[in-house]
Amino acid sequence: MSTDKKDVIALLEDQHQEIRRLFGVVERAKGDEREDAFRDLVRLLSVHETAEEELVHPEVRRQDGGEPIVEARLGEEHRAKELLSTLDEMGPDAEGFDTLLIQLRDDVLAHAEHEERSEFPLLRQAYDAKRLEAMADTVRAAEAVAPTRPHPGTESAAKNMLLGPPAALMDRARDAIRSVLKR
């Protein structure tokens with residue numbers, strides 16, 4: 001993730017672009033490259049959604065008309081986490097993986113578009129540039145300690161704050177072990 005002084009909207013839009021790119025790599029790649037790209041995708045989706053759930057959605061929820069927008073996004077995130085969790089357990093070489101990956105890609109990209117069209121304009125309208133830049137710093141900090149795997153059922157800020165740290169610790173330990181075993 002970049003640390004230049006961009007606002008939270010630009011940061012999240014850049015991450016949406018990286019997510020789109022990673023889906024393409026996973027769809028085209030083979031072998032270790034596919035496995036590595038899929039692990040990168042799982043990690044990015046997991047930390048990205050956690051930060052949105054902890055920081056962005058609560059800010060949008062406070063705006064006029066924000067409540068139904070956030071509820072719809074949380075439903076999309078829950079479905080995506082369930083599917084991502086299934087794919088993570090299967091692994092990219094499993095039978096049926098490609099079909100589920102396409103479903104996940106379509107769901108995630110539609111979700112990103114919904115955020116860009118409905119949530120981000122509310123944030124831009126509600127906050128000045130300085131506040132949006134501070135929110136980007138907060139999102140980066142949340143992502144640095146977020147779980148690196150999907151955890152369906154933790155789509156609220158409160159649940160992420162309560163369950164996120166132990167899940168993140170376990171996920172990061174798993175990541176470290178997987179990295180050592182891969183050498």
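Here are a few notes on the fold and on two residues, Leu22 and Glu53.

1. Ground rules. This is a predicted model, with local features needing pLDDT of at least 70 and side-chain atom pairs counted only at pLDDT 80 or more, while totals for chains, interfaces and linings use all residues. Residues are numbered from 1 along each chain as its sequence is written, and side-chain values use heavy atoms, leaving out hydrogens and water.

2. Overall fold. The protein chain has 6 helices and 0 strands, reading α-α-α-α-α-α along the sequence. Helices here are DSSP runs of H or I with at least four residues, strands are runs of E with at least two, and numbering starts at the N terminus.

3. Packing and surface. Of the 183 residues, 47% are buried (under 20% relative accessible area, 1.4 Å probe, protein chains only). Among contacts (heavy atoms within 4.5 Å) with a separation of 6 or more, 76% link residues 24 or more positions apart. The chain exposes about 9300 Å², with 55% of that supplied by carbon and sulfur atoms (Shrake-Rupley method, 1.4 Å probe).

4. Leu22. This one lies in helix α1, residues 8-28, and is buried at 3% relative accessibility. Beyond its neighbours within four places in sequence, Leu22 touches Ala37, Asp40, Leu41 and Leu44. Arg34 is 12 residues away in sequence, with a C-alpha to C-alpha distance of 9.7 Å from Leu22.

5. Glu53. Look in helix α2, residues 31-61.

How values were computed: Buried means under 20% relative accessible area, exposed over 50%, partly exposed in between (1.4 Å probe, protein chains only).
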